[in-house]
Amino acid sequence: MRKRSLLILILLILSLSLAACGQNSNGTEEPASSEKPVTLKFYVSGLTFTDTEFNTMIAEPVKKKFPHITLEKVVTPEGQKIDNLVSAGTVPDIIYASAGSYYNFKRLGILQSLDEYVDKYKLDLNRIKPDILNSIKAYAEDGEIYTIPFNSNETILYYNKDIFDKFGVPYPPDEQITWEEALAIGQQLTQTKDGVNYIGLEVAAGPAYIQSSLALGTLDPKTGKAIVNTPEWEKAFTFLKKTFEVSGYIQGDTYLYNKDAFLKDQILAMRPTYLANMVGPLEELRKQGEIINWDIAPVPNFKEALGTSKEVNIHSLFISKTSEHKDEAFQVLNYILSDEVQRVLSRNGRVPSIVNPELEKEFGADIEALKGKKIENIFKAKSVQLHAPHEFEGDVSKFVTDAAKELALSGIDVNTALRTLEEKINQEVDRLEKTTK
């Protein structure tokens, strides 16, 4: 009996030890966490992320893995931003945003370093794709980790097959072409028929996309001075001006057409943009019975940059410095980098942020809107590492947008536009240096 009692006691001790030491999603030990029910506020800041995507890719997998953790998506009134939540003292626990939000979150005082949690939960950073990991580290001067990548937001060329058929123009090829070649196709499709003005090519809402094709920064990362009056920027703006000069492209004061022109109005034939920008909405439209006859081609680029798409665009997850549940929040982020969750992302139309080529073979498998599409064209042009960023780059981007508007509507030449842009950016940086430091 004594031996039996001793055996039972040993088994009990072992079971308690195992209960106190779990395994994380990457197969390494993780510290024990309280099983007390926790609700984490989750906020989407400035990115496309539908409720269906949130539930499928994050809320449901996390609930299955961590039954005591509930993720609650924060929905704010239209026009409100993270700044409004900070002012109101209602900062969410997890923020879904672009990696470039680093500087804004730092200024708002909500940026949380994740290094101690990376060590505590033994997260293997080598699982992250190198261009993504290096781009994330580029934001922090000390190389610390402040965000965990959710997905790599690749770029593609969406095209409306019905518009091509209407004008008898062949679809874009399945191999990458240059911007000039894409524009030549677009010129054939910029026509009026049956009272409808069709637009052949709109370059993803203006200059930022073309700028990123050549990985062009606006500010010197060391001096903060404008670096826009260069041959590379001249090439980008010259092409942009050509798109505006296509006969019939500008309608009144309209020179940007964006997502609605493709999805709702269906007057835009080709739109180069991010996967996440339209895959989710296209699936939502399909569920509502609104079917668009579209497909995918590799995104164009300049001749010297063929083989690449643009700088990597990273959808990331931040933990707020004010969160009272940082451990639980990081366990969520850690789990999102697991093979099982990244597989869910891939099957639902997001490109994984981890190194696992097998996952990309399953891309879009669970999205009806992607069935029959040329998925292989997504991966023919690779994204490149982000240029070295400066903290005020996001603040001066509005002047680049204004310069493009001037090119479109005021008829100024490229050189004048770039000189004026340089002056405005330098003036703004001087102002920001005096008021934010």
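## Strand β14 and its partners

Strand β5 (residues 94-98) and β14 run antiparallel and are joined by 5 bridges; helices (H or I, at least four residues) and strands (E, at least two) are DSSP runs, numbered from the N terminus, and two strands pair if DSSP finds at least two bridges between them. This is a predicted model, in which local features need pLDDT of at least 70 and side-chain atom pairs count only at pLDDT 80 or more, while totals for chains, interfaces and linings use all residues. Residues are numbered from 1 along each chain as its sequence is written, and side-chain values use heavy atoms, with hydrogens and water left out.

Across from I319 in β14 you will find I94. Strand β6 (residues 148-152) also runs antiparallel to β14, through 4 bridges. Here S152 stands opposite I314, and P149 has S316 as its bridge partner.

What about burial? In β14 (residues 314-319), 6 of the 6 residues are buried, so the strand is largely enclosed by the rest of the structure; buried means under 20% relative accessible area, exposed over 50%, and partly exposed in between (1.4 Å probe, protein chains only). I314, S316 and F318 point one way, while H315, L317 and I319 point the other way. In a regular strand the side chains alternate between the two faces of the sheet.

Helix α6 (residues 130-139) has D131, I132, L133, S135, I136 and Y139 buried. The buried residues of α6 pack against α4 (102-108), β6, β14 and β16 (382-384), where contact means heavy atoms within 4.5 Å.

## A second sheet

Let's turn to another open sheet, whose 4 strands follow the order β10-β11-β7-β12 with mixed pairing. Its edge strands are β10 (199-201) and β12 (294-298), each pairing on one side only. From one strand to the next, the twist averages 30°. Strand β7 (residues 155-160) pairs with β12 in the antiparallel sense over 5 bridges, and N160 has W294 of β12 as its bridge partner.

Helix α8 (residues 179-189) packs on this sheet, touching β10 and β11 (268-274), and its direction makes about 170° with that of β10. Helix α12 (residues 275-287) lies across β7, β11 and β12, running at about 120° to β11.

## Nonpolar cores

The largest nonpolar core holds 78 residues, and Y158, F237, L421 and I425 touch the most other members; such a core is a set of buried Ala, Val, Leu, Ile, Met, Phe, Trp, Tyr and Cys residues joined through side-chain atoms within 4.5 Å. Setting aside neighbours within four places in sequence, I425 is in contact with T218, L219, A226, V228, V396 and F399. Another core, of 60 residues, lies apart from it and includes F66, V118, I354 and L359.

## A helix pair

Helices α2 (residues 51-65) and α14 (residues 339-347) pack at an angle of about 150°, with axes 9 Å apart. That makes α2 roughly antiparallel to α14 (angles under 35 degrees count as roughly parallel, over 145 as roughly antiparallel, 65 to 115 as roughly perpendicular and the rest as oblique). The contact is made by T56, M57 and P61 of α2 with V341, V344 and L345 of α14.

How values were computed: Axes are lines fitted to C-alpha atoms, for helices over the stretch in contact, and angles run from 0 to 180 degrees between N-to-C directions.
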